[in-house]
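Work through the exercises below with the sequence and the model open. Each task is followed by a solution in steps.

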Amino acid sequence: MLFQGWRQYLDLVFPRSCSLCRRPIVGSRSPTLCGHCQQRIKPIVHSCRKCGAPKASGEQQSEFETDIGKSKSSKRSCRFCQKQDWDINRVFAYTVYSGSSAHAARLCKDSMHESLARSLADSIGEWLDQRDDFLPICYDYIIPIPQHWFRRLMFRYHPASVFAMGLAGRFGIPMNESYLKRSRWTTKQGLKTISERRESIRDAFAVSNPKKIEYRSVLLVDDVMTSGGTLADAARALKAAGARQVDAVVFARGISAGKPQPPSPPNESRMQKAHVLHSYQSSATAEELRRRLH
Ligand SMILES: [Zn+2]
Ligand SMILES: [Zn+2]
């Protein structure tokens, strides 16, 4: 209450401006968005419990959303999830990538707008806090989707890390940025088709220390989920290293994401290792595991 009063006083003396529309922020709960813009970034209420896709509601729906709404064989996942075989257990997507949320996501990619990314991380945290199906205690690590080391060296700022840091602090989950590496430089995804994006991102990640990942549960964080290929590939690398569970949180989700993924890459030895590790979780001893892997 005292903070609110002080904030309102400061707003009158030094008015802040909204990151999106530049209008003065007065009495808004967000330090970076006016009340109007904040309302336009709507959290997804009903979503697929696997890929985070919004479920159909109202009259105007895209073909994709309508398809999801027609799903009858499972109340938990959409028809696309039922068809595809990806290594990510579930995605918590805060909002749909369109309009103001897309504008905010684009701004967050610029270090000038780090404060916007931090305030959006707070909003995501509040939204996750209210969900019965989000249990922070389940996760051993929170890992932002990594940049290639060269890009990190050049730009330093990385929006996924800002989102991850906000969530790690709020939920008390250790954040780690060294176990998962981007092993290959990937070009900008913006102008590519969905299939081109998935192809370019394939096998772009590697786990630096598999022993730290084995049997652990990981929460990946990214700012935007476009085709879903980046998250799926990162999850594949973590599962191949023995991760027990890989979930993800994203700020904004493209509604064309979640369409059926192409078949898994033909890297059989790695997939066999992942299969062995998974089967180990229920039955084998450590000694037996070593024998089966060598
Ligand atoms: Zn605004
Ligand atoms: Zn789904």
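**Exercise 1. Find the pairing partners of one strand.**

Solution. Strand β3 (residues 90–96) and β8 pair in the parallel sense over six bridges. Strands here are DSSP E runs of at least two residues, helices are H or I runs of at least four, and both are numbered from the N terminus; two strands pair if DSSP finds at least two bridges between them. The model is a predicted one, in which local features need pLDDT of at least 70, side-chain atom pairs count only at pLDDT 80 or more, and totals for chains, interfaces and linings use all residues. Residues are numbered from 1 along each chain as its sequence is written, while chains are lettered from A and ligands numbered from 1 in the order in which they are written.

Then turn to strand β7 (residues 217–225), which runs parallel to β8 and is joined to it by eight bridges. R253 of β8 also stands opposite M225.

**Exercise 2. Give the strand order of the sheet and name its edges.**

Solution. Four strands form an open sheet, with parallel pairing, in the order β3-β8-β7-β4. The edge strands are β3 and β4 (141–144), each of which pairs on one side only. From one strand to the next the twist averages 20°. Helix α5 (residues 99–108) packs on this sheet and touches β3, β7 and β8. The direction of α5 makes about 110° with that of β8; axes are lines fitted to C-alpha atoms, for helices over the stretch in contact, and angles run from 0 to 180 degrees between N-to-C directions.

**Exercise 3. Is V246 buried or exposed, and which residues is V246 in contact with?**

Solution. Start with location: V246 is in strand β8. Eight of the nine residues of β8 (residues 245–253) are buried. V246 counts as buried because it has 26 C-beta neighbours inside 10 Å; the cut-offs are 20 or more other C-beta atoms within 10 Å for buried, 12 or fewer for exposed, and partly exposed in between, with C-beta atoms placed from the backbone.

Now list the contacts, meaning C-beta atoms, placed from the backbone, that lie within 7 Å. Leaving aside neighbours within four places in sequence, V246 is in contact with D87, I88, N89, V218, L220, A235, L238 and K239. I88 is 158 residues from V246 in sequence, yet their C-alpha atoms are 5.4 Å apart.

**Exercise 4. Describe the packing of α5 and helix α6.**

Solution. The axes of α5 and α6 (residues 114–129) come within 8 Å and cross at roughly 125°. The two helices are therefore oblique to each other; angles under 35 degrees count as roughly parallel, over 145 as roughly antiparallel, 65 to 115 as roughly perpendicular and the rest as oblique. At the contact, A104, L107 and C108 in α5 meet L116, A117 and L120 in α6.

Notes
Contact = placed C-beta atoms within 7 Å.
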